[in-house]
Amino acid sequence: MGKTAFLFPGQGAQYTGMGKEFYDTYETARKVFDLASKATGLDIAELCFTENDRLNITEYTQIAMLTCETAILKVLEEQGIKADVCAGLSLGEYGALAAAKVMELEDLFRLIRSRGIFMQEAYPVGGAMTAVLGLDADTIREVCEETEGIVSIANDNCPGQIVITGQEAAVQKASEKLTEAGAKRCVPLKVSGPFHSALLKGAGEKLAAELAAVEVHDPVIPYFCNVEAAPVTEASGVKELLARQVSGTVRWRESMLQMIADGVDTFIEIGPGKTLTGFLRKTDRNVKAINVETVADLQKLRETLK
């Protein structure tokens, strides 16, 4: 019998109303929202469920997404749905930390709130991110290294979709070279900073200082860290990996391939959207990929797992 993985999406999948069905239906979910509000001093339910200008601002997006993901996770756990391994894309890695019970939830909520603020403040103007479609990672990496200025791979999402990040002029120049090298398209992303680039190293250092005061436990199930595309099974090293992740490449495609090689054949995406499910289908169509963002999705999942 194959293994099951929980996956947690990152920034960009957020929308007004995410998680509300779970909040309205399950006391367990409401408790998670209440805990996140208490830990951060924000009204997270209002942030997620009402039209506002903050939900798409990094310092608010990250805590909103993590709360929604964790609320759904706790309902799944309550219903006996478990995973053998887990992973999360960028901020989603904190959802994986919750699933692996690496930290107390209050600490996770406080950390992701700080992470969002540090990333928002690190490089407020002059940064950019662009999705490169239809070109391999080695070619993209080579072009980035040859381009003047700071530009590198932010996310290796799946075959044919890689995101580059860095200084706006360098990203633009690299995009032109990548088009000449055979990229199908280079699509600028609407983001508020050059995330997962060397420009955010300072944000990672600030996060490291916050992490120093947090207690970390051995994962109850392995979680795949973004920067090494490898399973983490011990508490030692977790803090350093999380600090590096802010400015390091998210090696998602490699993580998924390694999970599949390790025997994972069922992937459950927990939280808003179907982004990770889509990446998986481009990576390996033979695995089962299911997303859970509504109560109806949960019922469907339970029937599938029977």
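Ala-229 sits in the loop that links strand 7 (223–225) to strand 8 (230–232). Helices (H or I, at least four residues) and strands (E, at least two) are DSSP runs, numbered from the N terminus. The model is predicted: local features need pLDDT of at least 70, side-chain atom pairs count only at pLDDT 80 or more, and totals for chains, interfaces and linings use all residues. Residues are numbered from 1 along each chain as its sequence is written, and side-chain values use heavy atoms, with hydrogens and water left out.

Start with the backbone. Most residues other than glycine have a negative phi. Ala-229 has a positive one, near 50 degrees. Ala-229 is buried, at 10% relative accessible area. Buried means under 20%, exposed over 50%, and partly exposed in between (1.4 Å probe, protein chains only).

Lys-101 also has a positive phi, near 55 degrees. Its loop runs between helix 5 (93–99) and helix 6 (105–122). Lys-101 is partly exposed, with 36% relative accessibility.

Now go inside. A nonpolar core is a set of buried Ala, Val, Leu, Ile, Met, Phe, Trp, Tyr and Cys residues joined through side-chain atoms within 4.5 Å. The largest one has 77 residues. Phe-6, Leu-76, Met-103 and Tyr-223 touch the most other members. Helix 4 (residues 58–78) gives the most to this core: 11 residues. Apart from it lies another core, of 19 residues, including Val-250, Ile-260, Phe-267 and Phe-279.

What does Phe-6 touch, leaving aside residues up to four places away in sequence? Its contacts (heavy atoms within 4.5 Å) include Leu-73, Leu-76, Ile-81, Lys-82, Ala-99, Ile-268 and Ile-270.
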